[in-house]
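Student: I would like to go through a structure and ask where its labels come from. Could we take them one at a time?

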Amino acid sequence: MTQSLRLGISGASGRMGAALRDLLDGDERFELVHAVVSSASAHAGQPVFPDGTHPLRYAQDWSNAPALDVVIDFSGPHGLSATLDYCLANGTPLVTGTTGMDSMLEARLQKATETIALLRAANFSLGVAVLTHLLRDAAASLPEWDIEIVEAHHSRKQDAPSGTALALGHAAAAARETTLDAAAVYTREGRTGERVEGSIGFAVVRGGDIVGEHTAMVIGQGERLELSHRATDRSIFARGALQAALWLRGRATGLWRLEDVIATPR
């Protein structure tokens, strides 16, 4: 039997951290060894598991973290920077879904792939990983067709378009040997004129408690291909992150994607 994966979590008291802890409870494939919250969090020093049966408590940083097999980070740019320091110092693989990074942190992450195995995803749904793969194939196979990406999220979401929608756009653009910077159209209002050939359009919906919905439309003359994914439970993202952590253990240094996990499951 494979030894349990010794896991660390950054952002352990947040929404994704809570979902991860719920799934880890009783899962013998994992041993949660270190759980970090922000220095301002009221959770620091409190038990990680509410029933109190597990001795692990939230930590404010990585200073006393033991050796780990993989770290999962769903914190924020500042938290991710500290997590990256730990992983680089210890050669620990890192799975992260943290977004909103500046160019300096983006550059650090890219440089880190020379030293550690790093898996990044804007969305850890395994279904979205398949959607991305299908869109890439469709964009390449139907190069003259128009592409529009529509996404919907809850009313509290801060950014638009979503990171997942942008990742889909990047995949489609790359499949057509261009960049999203060159192809994207984010707003349409008033007399916009005809659609620019080769552009990739985005539309955004915000309301209620929508967990996340993404539809990529590949539109031709007289026909349309729609590739859609709808999330109804946030636990799917935690489940995908844990699957990624299992997959990343022992991998070579470099940048990995959730699509790699789908393509070569353990």
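This is a predicted model: local features need pLDDT of at least 70, side-chain atom pairs count only at pLDDT 80 or more; totals for chains, interfaces and linings use all residues.

Student: What makes Leu 227 buried?

Tutor: Its relative accessible area is 13%. Buried means under 20%, so Leu 227 counts as buried.

Student: How far apart are the C-alpha atoms of Leu 227 and Arg 29?

Tutor: They are separated by 33 Å, and the two residues are 198 residues apart along the chain.

Student: Why is Glu 177 called exposed?

Tutor: The cut-off for exposed is over 50%. Glu 177 has 77% relative accessibility, so it counts as exposed. Its place is the loop between H5 and helix H6 (180–183).

Student: What is the phi of Glu 177?

Tutor: It is positive, about 60°, although Glu 177 is not a glycine.

Student: Which residues of H1 are buried?

Tutor: In helix H1, residues 15–24, they are Met 16, Gly 17, Ala 19, Leu 20, Arg 21 and Leu 24. Among the elements that cover them are strand S1 (5–10), strand S2 (30–36), strand S3 (70–73) and helix H7 (235–248).

Student: Why does it matter which places in a helix are three or four apart?

Tutor: An α-helix has 3.6 residues a turn, so residues at that spacing point the same way.

Student: How do you know that H4 and H5 are roughly parallel?

Tutor: Helix H4 (residues 126–141) and H5 pack at an angle of about 30°, and their axes are 8 Å apart. Angles under 35 degrees count as roughly parallel, and H4 and H5 therefore get that label. Their crossing is right-handed.

Student: Which residues make the contact of H4 with H5?

Tutor: From H4 come Val 128, Leu 131, Thr 132, Leu 135, Arg 136, Ala 139 and Ala 140, and from H5 come Thr 164, Leu 168, Ala 171, Ala 172 and Ala 175. They divide into nine nonpolar, two polar and one charged.

Student: What makes Thr 132 buried?

Tutor: Its relative accessible area is 12%, and the limit for buried is under 20%. Thr 132 is therefore buried. Beyond its neighbours within four places in sequence, Thr 132 is in contact with Leu 168, Ala 171 and Glu 259.

Student: Why are H2 and H3 called roughly parallel?

Tutor: The angle between helix H2 (residues 77–90) and helix H3 (residues 103–112) is about 25°, with the axes 11 Å apart. The label needs an angle under 35 degrees, so H2 and H3 are roughly parallel to each other. H2 passes H3 in a left-handed crossing.

Student: Which residues of H2 and H3 meet?

Tutor: Pro 77, Leu 80, Ser 81, Leu 84, Asp 85 and Leu 88 in H2 meet Leu 105, Arg 108, Leu 109 and Ala 112 in H3. By kind, the residues of this contact are seven nonpolar, one polar and two charged.

Student: How do you know that Ser 199 is buried?

Tutor: Ser 199 has a relative accessible area of 4%. Buried is under 20%, so Ser 199 is buried. Ser 199 is placed in the loop between strand S7 (184–185) and strand S8 (200–206). Setting aside neighbours within four places in sequence, Ser 199 is in contact with Ile 147, Ala 183 and Val 185.

Student: What lies 2.7 Å from a polar atom of the side chain of Ser 199?

Tutor: The backbone oxygen of Val 196 lies there. A polar contact needs a pair of N or O atoms within 3.5 Å.

Student: What makes Leu 258 count as buried?

Tutor: Its relative accessibility is 4%, and the cut-off is under 20%. Leu 258 therefore counts as buried. Leu 258 is found in helix H8, residues 258–263. Not counting residues up to four places away in sequence, Leu 258 touches residues including Leu 119, Phe 124, Leu 126, Gly 240 and Ala 244.

Student: Where is the peptide bond that is cis?

Tutor: It runs from Ala 160 to Pro 161, with omega near -10°. Pro 161 is in the loop between strand S6 (146–153) and helix H5 (163–175).

Methods:
Residues are numbered from 1 along each chain as its sequence is written. Side-chain values use heavy atoms; hydrogens and water are left out. Helices (H or I, at least four residues) and strands (E, at least two) are DSSP runs, numbered from the N terminus. Buried means under 20% relative accessible area, exposed over 50%, partly exposed in between (1.4 Å probe, protein chains only). Axes are lines fitted to C-alpha atoms, for helices over the stretch in contact, and angles run from 0 to 180 degrees between N-to-C directions. Angles under 35 degrees count as roughly parallel, over 145 as roughly antiparallel, 65 to 115 as roughly perpendicular and the rest as oblique. A crossing is left-handed if the near helix is turned anticlockwise from the far one by less than a right angle, and right-handed if clockwise. Contact means heavy atoms within 4.5 Å. Ala, Val, Leu, Ile, Met, Phe, Trp, Tyr, Cys and Pro count as nonpolar, Asp, Glu, Lys and Arg as charged, and the others, Gly among them, as polar. A polar contact is a pair of N or O atoms within 3.5 Å; within protein, one must be able to donate a hydrogen and the other to accept it, and residues adjacent in sequence count only if both atoms are side-chain atoms.
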